[in-house]
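Dear colleague,

Please find below the structure that I am handing over to you. My notes on the contacts follow it.

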Amino acid sequence: MTERFSFVVNGYPAEVTADGTAPLLSVLRDELNLRGSRYGCGTEQCGACMVLIDGVPAYSCTRDTASVAGRRVTTVEGLSSNGALSPLQQAFLDEQAGQCGYCLSGILVSASALLAKNPNPSRAEIVTALDPHLCRCGMHNRVIRAVQRAAAGGST
Amino acid sequence: MISNTLPLSLTDNPILSQWIAFEEKGRVRIATGKVEIGQGILTAMTQIAAEELDVTPEQVRMVSGETDVSPAEYFTSGSYSVAVGGAAIRLVCAEVRSLFLDRAAEALGCKASELSVEGGKFLRAGKDTGRDYWSMSGEIKLDRRASGTAPTKLPSTYRIVGKSLPRLDLPAKVAGAAFIHDIAPEDVVHARVLRRPWRHARLVAFDEAAVRKAAKAPVDTLREGDFVAFTGASELAVSRAAEAARASARWEGGMPAPDNIGDREWLKAQPAKSRTVENGLPGRAQGRVVEAEYSRPFLTYGSIGPACALAEFKDGALKVWSHTQGPSIQRDWLARALGMETKQVTVFHRQGAGAYGHNTADDAAFDACYIATRMPGRTIRVQWPREDEFLAAPISTAMAIKLRAVLDDENKPADWTIEIWSPPHAQRPGMNGNSNFTGAEALPNPPPQKELNDIGDDRGGGATRNGVAIYDLPRHRLIHHMIPGAPLRTSSLRGLGAWANVYAIESFIDELAEAAGEDPVSYRLALLSDPRPHRVVETAAQMSGWFDKRNLGEGRALGFGFARYKNIASFAAVVAEVEVDQDVRLKRIWCAADAGLVISPDGAKNQIEGGIIQGASFAMRERVRFEGGKVATATWADYPILRFSDIPEIDIELIDNPNEPTLGLGEASVGPTGAAIGNAVARALGKRIRDLPLTRDRIAATLLAE
């Protein structure tokens, strides 16, 4: 059964007509055409679909759309503004923290939440924040350095 | 000196215009059959082209893997892309530059040697001549054969090659764009395919009412034989339909896999085609004998993004969008499997998640194409679910390896035998004359499978890849038992047989050193008379402080691993520091590598580090298990890989060797890493684990044994 849901996505109000049990990931990708959040496993095991709900990282692959009504959702597309990459995204480029890049959307979202809460995280805190994310290419150390660089204001 | 012998990519695609065009003012179009799979290849190719043409990297536009335009360059595999595909682009660009300069010199009444090129403009004594590639492109026909004889630049004059150009594809990727999964035409038809649980299983039935109920939206069912697809406008609906179908499907017949498939005993008991290759001195040596057996399990490539493909069949023409590693081969075999002419099919490569070997990209492409031929005029999008990636993907095969050495009076191996039991490592589309698309096998009356063979030794081997140790061995015997009848689609994963062979050989070298009472690195160095590998081993030992760290305390040790990938590509030596209690923890890793001329040092280090982490993950965690005839490891929880909290700091040093040809690099660090970890664990535990992976269960079993 489809219903209407309103929520805020990347700072803009969004209204969708969807099955309330549809995963948020499919609504973001198919209804709102925000295709940066990625399907990886559908079972909260890889982190490729990670978004922020009211600023907290959440798996969008299993999240009922009905449960985000009235809340703020942030996807990787919401990290940049007016087409300009955020300092965190720029730090990933500066460290060349990517190979295939498929896991990056989710990692960037989790890292942005970490930095919002803790502007100077230790390596251990970064690892803890990113441990829900799988990367198969082996970019882990570059990603950690990128988060450290962003925390230091891009100066590391 | 960089060799000017024609690389295979150029002999297969000998016409200059297959590679290069000056269509848009100020831009050069370079076509390549090699594709981006996360390794940064298009950035490296851009550097090579810009360097030889004297244009800026920004002026180069790469067209990759589009079969109507790009040269046919087999698969993007085997660490061949820079060494072979890049070499072709270098020769083509050097020749084109030279053709243009000769013509410009003629027109200007000067010698070509008086001219230089900057940003594609031709200069004389540093002054603009008003001529450039674009103004002269009408005068020079590029539909001519490459001679391959134009001089290429000296590496000492390079301005772009050898510098770390930032990856061209990363800006889009950090912004959340760039993947095939995101292509969403209007009115696209979403599709999911029901996969068989094991090879040749026959579908008895599935609960159609349950499928309709689960979908919650209109979904059509397409069934031909055992090929069942659910199609519709809603991706969510077809995905729910397919899940319900899988849950309720009943299967019979076919080739269910036994639970013990892949165990050392299972491998050695299988019917095999056996051969022996002997090298070196005649006769057998006498002396002290050391023997050991090793094994590796089945592995999956485990891309984070499940496969996706799109296809459209219209007016007799089939267009396919795929993240395949072999666009031209895929085109040829899609045509054959669908009963079409090759010219009817065009493949457009689009990026997927990392490909570490033969994954499901080609299968997804076949699924989409087959459905498209049944729904002409519509664009079909097939997305594989994660579970099918584990259950139905090609699989990297288990292997058993036995090593035997006879030691001489100085405790050096006077006689060396390696015996390998393995199914083949290659069943990509077209190999052995089979299409190898899983969907095609499910159609009614599929063509009978042709006899399986492994990749020949002349092409690097499959199970025998790196089976011949690089050390000074006066008598060498390789016995290869190729198992053709495994009930699985065994195929290529990064390094193929090299990972296990290097694990076995490098473990065995440590065992010989121990038998000789010598340090493992000193023992290796004494068996490496060639100075090039000698230097790589010494560099890694030095980086890690190998000789100063003989005692790190209980449960902690360093281990060493070394190989030259395929014995012709890059050299890599790895030192791992581990701590072992119930589990293995990585504390630090060092790697020294010699890849000859490196196009992008940062890109090379990125590949080496990725190979280290993947090799460590294979060795420490990974094993596909079977139950009830099918793969039992169907989620990431069942098939753990290394995570952020498992990764140590990693130091990499590239040995500067710009005057040597570029050596393939992408797979070089994987085998040495597994071996280094295995050797470190053996030294930390005082007992050796010869059957991978190095899990808690294996550690406990090894400590309890004896």
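How many salt bridges does the structure hold over all chains? The count comes to 58 salt bridges. Please bear in mind throughout that this is a predicted model.

**The interface of chain A and chain B**

Between chain A and chain B, six salt bridges are counted. One of them joins the side chains of Arg136(A) and Glu622(B), with 2.6 Å from N to O. A salt bridge also links Asp19(A) to Arg240(B), and here the closest N and O atoms are 2.9 Å apart. This pair runs from strand β2 of chain A (residues 12–19), which holds Asp19(A), to helix α6 of chain B (residues 235–248), which holds Arg240(B).

As for extent, 50 residues of chain A are in contact with 58 residues of chain B. The area buried between the two chains is about 4400 Å², and carbon and sulfur atoms give 53% of that area. Polar contacts between chain A and chain B amount to 29 residue pairs, counted where both residues are at pLDDT 80 or more.

Five helices of chain A each supply at least two residues of the side that touches chain B: α1 (24–31), α2 (87–94), α3 (104–117), α4 (123–130) and α5 (140–151). The largest share comes from α5(A), with five residues. By class, this side of chain A has 25 nonpolar, 15 polar and 10 charged residues.

Aromatic pairs were counted as well, and there are 19 of them over all chains. One pair is formed by Tyr102(A) and Phe179(B), whose ring centres lie 5.2 Å from each other. With 75° between the planes, this pair is edge-to-face, because planes over 60 degrees apart are classed that way. The pair crosses between chains: Tyr102(A) is in the loop between α2 and α3 of chain A, while Phe179(B) is in the loop between α4 (170–174) and β7 (189–194) of chain B.

**The two domains of chain A**

What does the domain assignment give for chain A? It gives domain 1, covering 2–78, and domain 2, covering 87–151. The C-alpha centres of these two domains lie 21 Å apart. In the contact, 15 residues of domain 1 of chain A meet 12 residues of domain 2 of chain A.

About 1100 Å² is buried between domain 1 and domain 2 of chain A, with 61% of this area coming from carbon and sulfur atoms. On the side of domain 1 of chain A, the residues that lose the most area to domain 2 are Arg38(A), Met50(A) and Val76(A), and together they account for 42% of what that side buries.

Which polar links join the two domains of chain A? Four residue pairs are in polar contact, both residues being at pLDDT 80 or more, whereas zero salt bridges are found across this interface. The elements that give two or more residues to the side of domain 1 of chain A that touches domain 2 are β3 (50–53) and β4 (56–59) of chain A. Of these, β3(A) provides the largest share, three residues. This side of domain 1 of chain A consists of nine nonpolar, five polar and one charged residues.

**Domain 1 and domain 3 of chain B**

For chain B the domain assignment gives domain 1 (8–161), domain 2 (181–253 + 303–392) and domain 3 (399–425 + 461–704). The centres of domain 1 and domain 3 of chain B, taken over C-alpha atoms, are separated by 38 Å. Each of these two domains brings 15 residues to the contact.

How much area do domain 1 and domain 3 of chain B bury between them? They bury about 1000 Å², 57% of it on carbon and sulfur atoms. Zero salt bridges are found across this interface, and three residue pairs, both residues at pLDDT 80 or more, are in polar contact. On the side of domain 1 of chain B that touches domain 3, α2 (41–53) and α3 (81–108) of chain B are the elements that give two or more residues. The residues of that side divide into nine nonpolar, five polar and one charged.

With kind regards

Notes: Residues are numbered from 1 along each chain as its sequence is written. Chains are lettered from A and ligands numbered from 1 in the order in which they are written. This is a predicted model: local features need pLDDT of at least 70, side-chain atom pairs count only at pLDDT 80 or more; totals for chains, interfaces and linings use all residues. Side-chain values use heavy atoms; hydrogens and water are left out. Domain bounds come from an automatic or database domain assignment. Contact means heavy atoms within 4.5 Å. Buried area is the accessible area (1.4 Å probe) that two parts lose on being put together, summed over both. A salt bridge is a side-chain nitrogen of Lys or Arg within 4 Å of a carboxyl oxygen of Asp or Glu. A polar contact is a pair of N or O atoms within 3.5 Å; within protein, one must be able to donate a hydrogen and the other to accept it, and residues adjacent in sequence count only if both atoms are side-chain atoms. Helices (H or I, at least four residues) and strands (E, at least two) are DSSP runs, numbered from the N terminus. Ala, Val, Leu, Ile, Met, Phe, Trp, Tyr, Cys and Pro count as nonpolar, Asp, Glu, Lys and Arg as charged, and the others, Gly among them, as polar. Rings of Phe, Tyr and Trp (its six-membered ring) pair if their centres lie within 6.5 Å; planes under 30 degrees apart count as stacked, over 60 as edge-to-face and the rest as tilted.
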